[in-house]
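Here is a briefing for a first look at this structure. Please keep the sequence and the 3D view side by side as you read.

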Amino acid sequence: TPVRTAGSLSVNGPIQASNVLAGVGTGFNSGAITANGGRVGITAANISSGAINSTLFSFLNATGGNLSVGNVTAGGAVTLLADTGPITAGTLGGSQVSVDGQGAVSIGGVTATGAAQLRSRAGTFTATGAITGGTVNIGGTAIALANVTSTAGAIAMAASAGNLSFGTLTSSANTQFTATGSVTGGDITAGSWIGTTVGGNMTLGNLRTTGPGTSPNGFSIGLGAQGNIVTGTINSFGLLGIGSDDGQGNFGNATSITTGAITAGGTVLARANQGIVTGAISSTNEIRVRGASVTTGALQATNAVFAAALNGNLNTGNVTTGTNALLLASQSISTGSIGTGTSGTTLLASSAGLAPTANLSQIDLNALLASTPARVGGSVSIGATTTGTLLGASTGTFSASSTITAGTRISLDVGGTAVFGGLAVAPTIAISSGDIAFSQGGGLGNANTGTI
């Protein structure tokens with residue numbers, strides 16, 4: 001190990017040797033460094049050099065100031081340390097890459113077959129090129145990245161006092177990040193799970209988990225942000241939480257949620273203080289959505305569908321469920337066709353009384369179905385409906401544009417006009433309304449109806 005000189009060392013040109021080792025008290029300055037067959041090891045208060053290429057490892061430690069270097073390529077590990085100052089480097093490549101600076105860190109990119117451990121302890125971290133490692137861990141007060149890929153493990157990122165931005169994130173295992181500010185990113189694909197904790201807004205591309213494996217709280221994808229959440233399409237291998245759960249044990253409403261189509265191999269939970277707008281949602285278990293207003297595409301679930309607009313309107317496409325459909329709103333409800341099968345219940349009623357912050361997974365749907373439906377503040381409009389029991393209550397008009405087939409009963413409480421565009425059929429039909437109207441093909445009951 002070289003004994004450090006008290007002064008500085010400057011080489012006005014390139015250095016080539018089997019091994020390049022230097023210990024300098026103040027500043028080290030050189031051109032490009034090549035260690036054919038060996039290693040590079042430099043310790044100095046300040047380090048400035050050109051590109052570095054070594055057969056074995058490259059280790060640079062700036063103990064009292066800045067570290068500035070060109071591209072660094074090594075057959076072994078690449079390590080850049082700065083105890084008090086910033087780090088500036090080109091692209092870094094080795095079996096492992098470690099960058100640890102006290103000040104701001106700015107690098108080109110990283111290629112590591114093993115771990116890529118990259119951070120600024122008290123400054124920003126910026127990478128202008130792609131980062132690829134077996135596992136990738138990145139930290140800084142704020143973080144700005146291009147594409148990030150982990151080939152044999154996880155991606156973990158933490159912006160402790162600012163924003164996080166990135167291109168695409170691709171991991172063979174899980175991907176998780178935290179940011180006290182906002183997040184802007186592209187597509188995320190993870191082999192197991194995705195989890196986020198964000199203090200501001202979060203805008204992402206398409207999200208996908210491709211295999212089994214969940215966060216500590218059981219989520220395949222958990223998106224938590226205190227601001228607005230905007231994403232493209234979402235394809236979750238298992239349980240999905242948006243705004244409700246972030247996959248890391250943090251619960252709370254997002255401000256608003258806007259997504260593309262959603263497909264989940266488990267329950268879908270989405271909640272926001274303001275509006276929720278999504279494409280079609282498909283779940284192999286339940287769908288539970290709650291916001292001030294809710295607009296979705298088609299809703300298809302193996303089990304129950306619960307959609308509630310606490311302060312506005314609920315608008316959905318076709319609703320298909322293997323059990324019950326609970327469609328609730330403060331103002332008006334508008335849906336496409338509804339299908340629960342002949343044993344399920346369709347509830348179209350007011351969302352009054354629902355807690356705006358309760359965990360969605362803990363809402364007792366059976367208790368809601370057992371209570372007397374309260375009227376929505378506006379109107380209700382539905383398409384063709386096939387269900388076991390249809391329960392509806394509206395202050396304004398209740399309009400069915402097509403047929404209604406209920407295996408048990410139809411019960412409607414309508415302050416305005418009940419309008420039937422097709423035949424409404426059930427063994428028992430009970431309608432209380434200000435008026436009633438039928439289109440040419442509309443009507444109530446058939447030979448199987450016992451009571452109207």
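Two aromatic pairs turn up in a search of the whole structure; rings of Phe, Tyr and Trp (its six-membered ring) pair if their centres lie within 6.5 Å, and planes under 30 degrees apart count as stacked, over 60 as edge-to-face and the rest as tilted. The model is predicted: local features need pLDDT of at least 70, side-chain atom pairs count only at pLDDT 80 or more, and totals for chains, interfaces and linings use all residues. Residues are numbered from 1 along each chain as its sequence is written, and side-chain values use heavy atoms, with hydrogens and water left out.

**Aromatic pair**
- F420 and F438 form a stacked pair, with 5.8 Å centre to centre and 25° between the planes.
- The pair links distant parts of the chain: F420 sits in strand β55, and F438 sits 18 residues away in strand β57 (residues 428–438).
- F420 counts as buried because its relative accessibility is 1%, whereas F438, at 40%, counts as partly exposed.
- Buried means under 20% relative accessible area, exposed over 50%, and partly exposed in between (1.4 Å probe, protein chains only).

**Overall build**
- The protein chain has one helix and 58 strands; these are DSSP runs numbered from the N terminus, helices being H or I with at least four residues and strands E with at least two.
- Its C-alpha atoms fill a box of roughly 100 × 30 × 30 Å along the principal axes.
- Of the 452 residues, 51% count as buried.

**Nonpolar cores**
- The largest nonpolar core has 104 residues, and L145, F166 and F177 have the most contacts inside it.
- Strand β55 (residues 404–420) gives the most to this core, with seven residues.
- Another core, of 16 residues, lies apart from it, and includes L269, L347, L369 and L391.
- A nonpolar core is a set of buried Ala, Val, Leu, Ile, Met, Phe, Trp, Tyr and Cys residues joined through side-chain atoms within 4.5 Å.
- Beyond its neighbours within four places in sequence, L145 is in contact (heavy atoms within 4.5 Å) with residues including F125, I131, M157 and F166.

**Around S54**
- S54 is found in strand β8 (residues 52–54).
- S54 counts as buried because its relative accessibility is 4%.
- The side chain of S54 makes a polar contact with the side chain of S58, at 2.8 Å.
- A polar atom of the S54 side chain also lies 3.2 Å from the backbone oxygen of L56.
- A polar contact is a pair of N or O atoms within 3.5 Å; within protein, one must be able to donate a hydrogen and the other to accept it, and residues adjacent in sequence count only if both atoms are side-chain atoms.
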